[in-house]
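Got the viewer open and ready to click around? Let's take a short tour, one selection at a time.

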Amino acid sequence: QRPMHATYDFYSYHSMDRTYFFFLVVLVVARAQDCVDEAEVSFLQLELARHSEQEASGTQASTKLAQEAAIWPLWPQDQAPTDSNFEKVMNQESVNGVTVETFAYLDTTYLVPPQTPGRADLVLIVVPGGGGMIVDDSSGEAVATWSQSVGISALILNYRVPALTNGVKDDFSCENMNYVAEYDLQRAIALVRSRLDSLGVSHVGVIGSSFGGYIFSTILKISKLMYQAVDAVDTDFDHVPDFGLMNYPCFSSCLPVITGDLPPAIPVLIQHGMSDPVCPWQGSTHWAEWRQNATGNINSTEIIIYPHAGHEFDQEVLDDPNVTEEEAGWGKAASRFMKFNLGFDIYPKSSNMHPRS
């Protein structure tokens, strides 16, 4: 079942099946008979319009639709940098059954309005997981919902995939990796910094979950821009955030061949579960130890290991009977970490979705 909200990225599923398309039509008709609510109809009408225009105009339509929707394209049209591995697949619709996504953007759905009481003076870039094969919508939306509920504006990064260029799940051998997702994250940070005044905030952070944590960990090992600058956003604004959070990150020893000093030792909090069957918690402890030693600052990286938590513990809700108390505490730990490092309170707010906090 696909999520139903007004800014769902329809054209990221450009290879969708006809059944889903006709399902949209049926729902629109159902609304005329008062079978669905107004919000669902707005969503359906928007997605149908997007589909129709993209069919007619291809890539240019995608860019036009992106500008009209609640998203920020990361790159000027046709100027997104690539690497040699991604170039092998970027002109294909799919590789080994995995859809190739070449349009990177930030979803602005979860921004907190400027006059909201208790609004925090920061914005979080949410980097979802997805195993390097897809961008997991549910992962990004759950974290962004929590962020918005505590007064923090969130922008979900939809990065280019697959990162595993052969399209084979869990094949993390270095010859199969590309780094366009890291390019997208560095660009996203710089782009957000270029718009801090319009956002009305002073700080930018990153939170990466699962494979999103791996993407974030990679850019924390490289001080330079990983791609050739394309415009003033790249040359005039810093691509390193003020702080970072990682939830159950996966790690890889693969790095692009770029040498240089480490970026500034921004504070980073890692949270991981010992019962994680996907990304072993030992990877987080090893990476935290490496970073503490590499930066010469033991306070640069904090780590919390939950004995009974599994994978994706930040996607559950408080009233789920399967959620342990320690898992539900990840949001409180994140808020405490940000308060300590940024010097101001993160105020919890009520939410119909009961995000974990």
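Start by selecting Asp78: with a relative accessibility of 71%, Asp78 counts as exposed. Keep in mind as you go that this is a predicted model. Asp78 sits in the loop between β1 (71-73) and α4 (84-87). Look at the backbone here too: phi is positive, about 65 degrees, although Asp78 is not a glycine.

Next, jump to Ser210. Here's another residue other than glycine with a positive phi, this time near 55 degrees. You'll find Ser210 in the loop between β7 (203-209) and α8 (211-219). Is Ser210 buried or exposed? Ser210 counts as buried, because its relative accessibility is 9% and the cut-off for buried is under 20%.

Now select Val161 and Pro162 together and check the peptide bond that runs from one to the other. That bond is cis, with omega near 5 degrees. Pro162 belongs to the loop between β6 (153-158) and α6 (180-194).

Last stop: the cysteines. How many disulfides does the structure hold? There is 1, and it joins Cys250 to Cys279, with an S to S distance of 1.5 Å. The pair links distant parts of the chain, 29 residues apart. Cys250 is in the loop between β8 (243-247) and β9 (268-273), while Cys279 is in the loop between β9 and α10 (281-295).

How values were computed. Residues numbered from 1 in each chain as written. Predicted model: local features only at pLDDT ≥ 70, side-chain atom pairs only at ≥ 80, totals over all residues. Heavy atoms only, no water. Disulfide = S-S within 2.5 Å. Helix = DSSP H or I, 4+ residues; strand = E, 2+ residues; numbered from the N terminus. Buried < 20%, exposed > 50% of the residue type's maximum accessible area, 1.4 Å probe, protein only.
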